Amino acid sequence: MGRMTEQTRIIYLDAVLTPNRSLSPRGYRLVTGLIKAGIVFSVLMLVSALLPLFSGGGALSPSLPIFGFFGLDVAALWVALRYIQRQGQEETRVVITADTVDLTHVKPGGTTKSASLPAAFARVELDEPLTPQSWLRVEHGTTAYVIGRFLTMDERKSLAEAMRAALQSARNERYAT
């Protein structure tokens with residue numbers, strides 16, 4: 001039997017890993033809208049508090065330094081939410097065929113790193129007993145690629161089992177007589 005062409009190759013595993021999200025896209029838009037409304041409200045309150053100062057007659061109030069903090073808590077919440085949303089854009093794709101294990105990782109900023117390992121020599125390793133520091137690794141020779149850092153321990157274990165089964169099936173195809 002001849003070598004399989006690119007169009008007929010069998011994909012044993014094609015997994016896209018993304019971080020868990022606490023908000024749906026609609027929920028995120030709703031919360032950020034409320035936060036932006038809070039920022040606008042805080043600015044309006046600051047302006048209304050400063051109006052007597054600039055209207056021409058009053059002495060400086062001892063509470064004047066507090067005005068600089070109007071809306072700071074709401075702005076900090078908005079910045080934190082934007083950071084979390086950006087981190088949620090991280091993605092790792094694992095594709096296992098009879099010939100290769102292809103790993104593609106997209107960082108939150110859009111930077112992409114890829115690696116292609118021969119399936120015949122790739123190993124899937126996960127330290128047991130499972131702890132939060134038990135990283136799922138795809139190894140080839142002395143090189144190891146950690147994948148799914150954002151996954152829970154159970155998700156890492158499940159993915160490791162699925163990857164091992166896919167690698168075994170890929171090897172069975174490759175070495176079938």
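Strands β2 (residues 91-97) and β3 (100-106) run antiparallel and are joined by six bridges, where strands are DSSP runs of E with at least two residues, helices are runs of H or I with at least four residues, and both are numbered from the N terminus. Two strands are taken as paired if DSSP finds at least two bridges between them. Within this pairing Glu-91 stands opposite Val-106 in β3, and the two strands form a hairpin with two residues between them.

The model is a predicted one, in which local features need pLDDT of at least 70 and side-chain atom pairs count only at pLDDT 80 or more, while totals for chains, interfaces and linings use all residues. Residues are numbered from 1 along each chain as its sequence is written, and side-chain values use heavy atoms, with hydrogens and water left out.

## The four-stranded sheet

β2 and β3 belong to an open sheet of four strands, ordered β1-β2-β3-β4 with antiparallel pairing. The edges are formed by β1 (11-17) and β4 (112-118), each of which pairs on one side only, and from one strand to the next the twist averages 10 degrees; angles run from 0 to 180 degrees between N-to-C directions, and axes are lines fitted to C-alpha atoms, for helices over the stretch in contact. Strands of a sheet pair through backbone hydrogen bonds, either parallel or antiparallel.

On one side, β1 pairs with β2 in the antiparallel sense over six bridges. On the other, β3 and β4 run antiparallel and are joined by seven bridges, with Thr-104 having Ser-114 in β4 as its bridge partner. The hairpin of β3 and β4 has five residues between the strands, and in it Gly-110 takes a positive phi near 100 degrees.

Ala-15 lies in strand β1 and stands opposite Val-94 in β2. Its relative accessibility is 14%, and Ala-15 therefore counts as buried, given that buried means under 20% relative accessible area, exposed over 50% and partly exposed in between, with a 1.4 Å probe and protein chains only.

Apart from neighbours within four places in sequence, Ala-15 is in contact with Thr-92, Arg-93 and Val-94, contact meaning heavy atoms within 4.5 Å. The C-alpha atom of Ala-15 is separated by 9.9 Å from that of Leu-103, although the two residues are 88 residues apart along the chain.

## Helix α3 across the sheet

Helix α3 (residues 153-174) lies across β1, β2 and β3, and runs at about 155 degrees to β1. This helix has 22 residues and reaches 31 Å from its first C-alpha to its last, close to the 32 Å expected at 1.5 Å a residue, where the expected span is 1.5 Å times one less than the number of residues.

The buried residues of α3 are Arg-156, Leu-159, Ala-160, Met-163, Ala-166, Leu-167 and Ala-170. Seen down the axis of α3, these residues fall within an arc of 135 degrees, so they line one face of the helix; the arc is that of the directions from the helix axis to the C-beta atoms. What covers them includes β1, β2, β3, β5, β6 and β7 (143-147).

β5 pairs with strand β6 (residues 136-140) in the antiparallel sense over four bridges, and Glu-125 stands opposite Arg-137 in β6.

Six salt bridges are found in a search of the whole structure, a salt bridge being a side-chain nitrogen of Lys or Arg within 4 Å of a carboxyl oxygen of Asp or Glu. Among them, Arg-123 meets Glu-125 at 3.9 Å, N to O, and Arg-123 also meets Glu-139 at 2.8 Å, N to O. The latter pair links distant parts of the chain, with Arg-123 in strand β5 and Glu-139 in strand β6, 16 residues apart. Glu-139 is buried, with a relative accessible area of 14%, whereas Arg-123 is partly exposed at 33%.

Asp-127 forms a salt bridge with Arg-137, the closest N and O atoms being 3.4 Å apart; here Asp-127 is in the loop between β5 and β6, and Arg-137 is in strand β6, 10 residues away. Asp-127 is partly exposed, with a relative accessible area of 38%, while Arg-137 counts as buried at 17% relative accessibility. Through salt bridges that share partners, Arg-123, Glu-125, Asp-127, Arg-137 and Glu-139 are joined into one network.
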